[in-house]
Amino acid sequence: MRARCFFLLALPLLAADPLTDKVTAWRTKYETGLKSNTGWLSVAGLYWLEEGPNSAGTDASNKLVLPAGPARAGVFERKRDQITWRPAAGPAKVLQSDKDQATPDLLTIDRLTLFVIYRNGKIGIRLRDPQSKMRREFHETKWFPIRPQYSLTGQFKPYPQKKTVMIPDVTGNTLKYESPGEVEFNLNGQKLSLEPVLDEGQLFFVFKDKTSGRQTYGGGRMLYAPLPGPDNKVELELNIAKNPPCAFTPYATCPIPIKRNALSVSIEAGELVPPGCISATFTAEPIQPVLEFWARQLGEPWPIEFAPYNQVLQTVLDPTGPFAQNRDGANVLLVRPSDLAQFEGSTSADHDARLAELLSTLEAQRFAVPTLLALCPPYQAQLQSRPNLYIVDTSAYPVSDWADEAAERLGRIPYTPAYFTALGTAIARLTHALKRPPFKLIALDCDNTLWAGVCGEDGPTGVTIDEPRRHLQEFLLAQREAGMLLALSSKNNPDDVWQTFAANPSMILSREHITAHRLSWLPKSAGLRQMAAELSLGADSFLLLDDNAKEIAELAEGAPEVLGLTLPETDIPHYLDHVWAFDHPVITDADRGRAASYHLQQSFAAAASLEHFYETLALEVGIAPLHPDDLPRAAQLTQRTNQFNFSTRRRTEPELAPLNAYSIRVADRFGDYGLTGLLVLDENVLDTFLLSCRVLGRGVEHAVARWLGQQHETLSVELLPTPRNAPAQSFFQELTGQAEGSATLTAAQLQAAAFSSPKAAPVAAPAEAAPTQRFHDYQHIATHLSTVDQIQAALRADQLDAAPVREVQNPPVTNTEIRLAAIWADLLAQPAISTDDNFFDLGGHSLLAVLLVTRVHDEFAIELSMDDVYSADTTLAKLAQLLETQHLNQYDPAEVSALLAEIASLSDEEVRSEISRLCAFS
């Protein structure tokens, strides 16, 4: 009987949940599509076509530089809206775009698929590559739990006739859609509406909500729903709301939500982005809107999870906690050292001891993501970044008034909004620098950039190196020391430039500091692409600094993979300090020697007898287990190395630390190149084999193969081809006889690896098909978002723009109401406040209530209690009345009696005037 009862009780648990089954099946199909050969993860290029011929192929001189296929594959010829493909061999063909037909014509070149897209007058070629980096490194999608309350039925409200809706996209264009009406629905008791458009025979919604840029993608999410039935009902399954393709690839042209589709509620359903984690010794939540602002600016969503208050050590040590579980973004610690030792009578020595304990604990941890540590005021000492730990520096965003004693007393919020803005910006900037691919070369214009004046007209000593240019040249030398190569890209006669370098006594830079140059009247885009091929670097690792905005515009058209920066006429030092592209969170000894190494390579190339050069090279290759001190450089190699890299697996220091890794050090008669290679072995499987391009072409890879043959009887090796790792592919084929894939080599095969000098100069690896890193508007950040005041103003405007439009029935009238409403509007990010509004109904919460009390104290010099704010019926009008009453209560009773006696003697008009003055108390 008991068994029967148990079985009956268990039936509900065993029964299928139709909603869960339906949504899970949809999500599985969605992720399978993403990962497929034709999914968004395979999209690896987007090229906008110019009128006339647009050459395509792997050679760097093509307009469309492809990651695979022949050097000269053919030409896309654009004649207005008609695109004709003229292959190098075979008949020409007119290609239909996605404007002409639902499925555009597909063109196959090697493993690539290309097709024509039409976007508001712009025509481009989109490229799919099944071996794209994004597809190889993708893990899995992340979702909110499936919740029944987000499986809704909405009411369709048709328009009298279809309405044309102009929806902007991420490229700055607008897309024309038709909207048949709006859909109203109720969510958690609140009436909401969205305006869909028609797409693919369905209703298509693009919307934002309060989770956007926090838990979900900052640019909004997308949802498809069936067309309404005869009863005008629409099924809205918010559990399948998904991120747009821009969340996965920079080569998508995603729509952006129109203003009316920005909801003032949180839709905690659908696809997530992975959260970062913040642990602080104080209440740190006021930093969240700052980080969300930068997430939106950069198009890099960074949702935030806050660890429990003042449990820093516990969070760091917990193996199941948010730091240990985090796999994306960063872990952030916000520490005021005085908070670490709060027992009675604690001294600065106690604080330092607890801080040293925390630092030691952090160094011992191996998190999967970088850890950022901000030591907050009044702490003054400077710390250097160390393995696994990066120090947040707010010095670029100075704030004089950082302390908020009232907010700390009420809610343990020790800092002003200005300081939280500076701190959040510094964290966003450091996180961005750690995540983005590194830039490797700064190309420089000469006239009115490196110096003031024109060397061809003013003469070598006639141009001026004024104080801003002196600062620029010193800055460039520091960049060179940090690992950047310096090059010249300038429209000048070469002799004029080099004479200026040699003869002008004020020059800081010398010719020896310049690794490459293009001094001619060719378009700079062409010269920089040639330079990239010459140095065997991707042009997407280049940036050009030029005073001429027209040159930067030409670069954007001719070589969009190069980042162009316009040097301002004034305040050059401030500008340079706020170009985020120049940031280097990690600088290794190899970085410091990079420029010198390229000069050695140039000596290598200039040798009179190549055979004699190799015979006398005195090559030394040392291989040893990776030392913990070398983790930063080894991790950097996995991030930077492209050409000779068998697997291109990118790893952080914590990810490398537990692996069976070996460092490769190289030296020859030209010098010691240091740690320039890495091996990772998993028993008899070669997981990673990479070498810096600085040591290629002299037999290092063969020496490593022979060493592997001494260690293993058999070794399984695998080559994952990429657009850039042609040298690795060549060596893999030399070892295995295969172009790619996997093979098992014997010890004898490995030890037989022998280097022979090339009979002809090696061909440089082709440049990348298109930018592999998403360029951000570094120019705008450096010129318009470089101070705390600018950032706060932009954040405020951003919040107001996202706020829903609401009609204010009873606007503030009295001086007190107007001043109080300004505080509410600022804290709640509302464009307007009504006197009958309630603070908490508009989105206020406990932390904002604390800030309200402190702002009222600053504005009115009146101490409110938290009970005054938390009263359920406290509207703006009632709180303003309370302030006026408390202000009057500040007067001495005798003074009030005397005042009343004086009022009794006044006329009615004089009484009204005096009462108005007292109520205003401004």
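This is a predicted model: local features need pLDDT of at least 70, side-chain atom pairs count only at pLDDT 80 or more; totals for chains, interfaces and linings use all residues.
Reader: Let's start with the whole chain. How many helices and strands does the chain have?
Author: The chain has 31 helices and 35 strands. Buried residues make up 50% of its 922 residues.

Reader: What makes a residue count as buried?
Author: Buried means under 20% relative accessible area, and 50% of the residues in the chain are in that class.

Reader: Why are H4 and H9 called oblique to each other?
Author: The axes of H4 (residues 288-298) and H9 (residues 417-435) cross at roughly 40°. Angles under 35 degrees would count as roughly parallel and 65 to 115 as roughly perpendicular, so H4 and H9 are oblique to each other. Their axes come within 8 Å, and the crossing is right-handed.

Reader: Which residues of H4 and H9 make the contact?
Author: From H4 they are Val290, Leu291, Trp294 and Leu298. H9 brings Phe420, Thr421, Gly424, Thr425, Ile427, Ala428 and His432. By class, 7 residues of this contact are nonpolar, 4 are polar and none is charged.

Reader: And what makes H13 oblique to H14?
Author: H13 (residues 524-535) and H14 (residues 549-558) pack at an angle of about 60°. Roughly perpendicular starts at 65 degrees, so H13 is oblique to H14. The two axes are 8 Å apart.

Reader: How does the contact of H13 with H14 divide into nonpolar, polar and charged residues?
Author: There are 2 nonpolar, 2 polar and 4 charged residues. Lys524, Ser525, Leu528 and Arg529 come from H13, with Glu551, Glu554, Leu555 and Gly558 from H14.

Reader: Which residues have the most contacts inside the largest nonpolar core?
Author: They are Leu334, Trp451, Leu488, Phe501 and Leu852, in a core of 100 residues. Leaving aside neighbours within four places in sequence, Leu488 is in contact with residues including Leu444, Leu450, Trp498, Phe501 and Met531. A second, separate core has 29 residues, among them Ile623, Leu679, Val695 and Val717.

Reader: Where is Gln131, and how do you know that it touches residues beyond its sequence neighbours?
Author: Gln131 is in the loop between strand E9 (122-128) and helix H3 (133-137). Contact means heavy atoms within 4.5 Å. Not counting residues up to four places away in sequence, Gln131 touches Arg111, Arg136, Pro721 and Glu740. Gln131 and Ser42 are 89 residues apart in sequence, while their C-alpha atoms are 7.1 Å apart in space.

Definitions and conventions
Residues are numbered from 1 along each chain as its sequence is written. Side-chain values use heavy atoms; hydrogens and water are left out. Axes are lines fitted to C-alpha atoms, for helices over the stretch in contact, and angles run from 0 to 180 degrees between N-to-C directions. Helices (H or I, at least four residues) and strands (E, at least two) are DSSP runs, numbered from the N terminus. Angles under 35 degrees count as roughly parallel, over 145 as roughly antiparallel, 65 to 115 as roughly perpendicular and the rest as oblique. A crossing is left-handed if the near helix is turned anticlockwise from the far one by less than a right angle, and right-handed if clockwise. Ala, Val, Leu, Ile, Met, Phe, Trp, Tyr, Cys and Pro count as nonpolar, Asp, Glu, Lys and Arg as charged, and the others, Gly among them, as polar. A nonpolar core is a set of buried Ala, Val, Leu, Ile, Met, Phe, Trp, Tyr and Cys residues joined through side-chain atoms within 4.5 Å. Buried means under 20% relative accessible area, exposed over 50%, partly exposed in between (1.4 Å probe, protein chains only).
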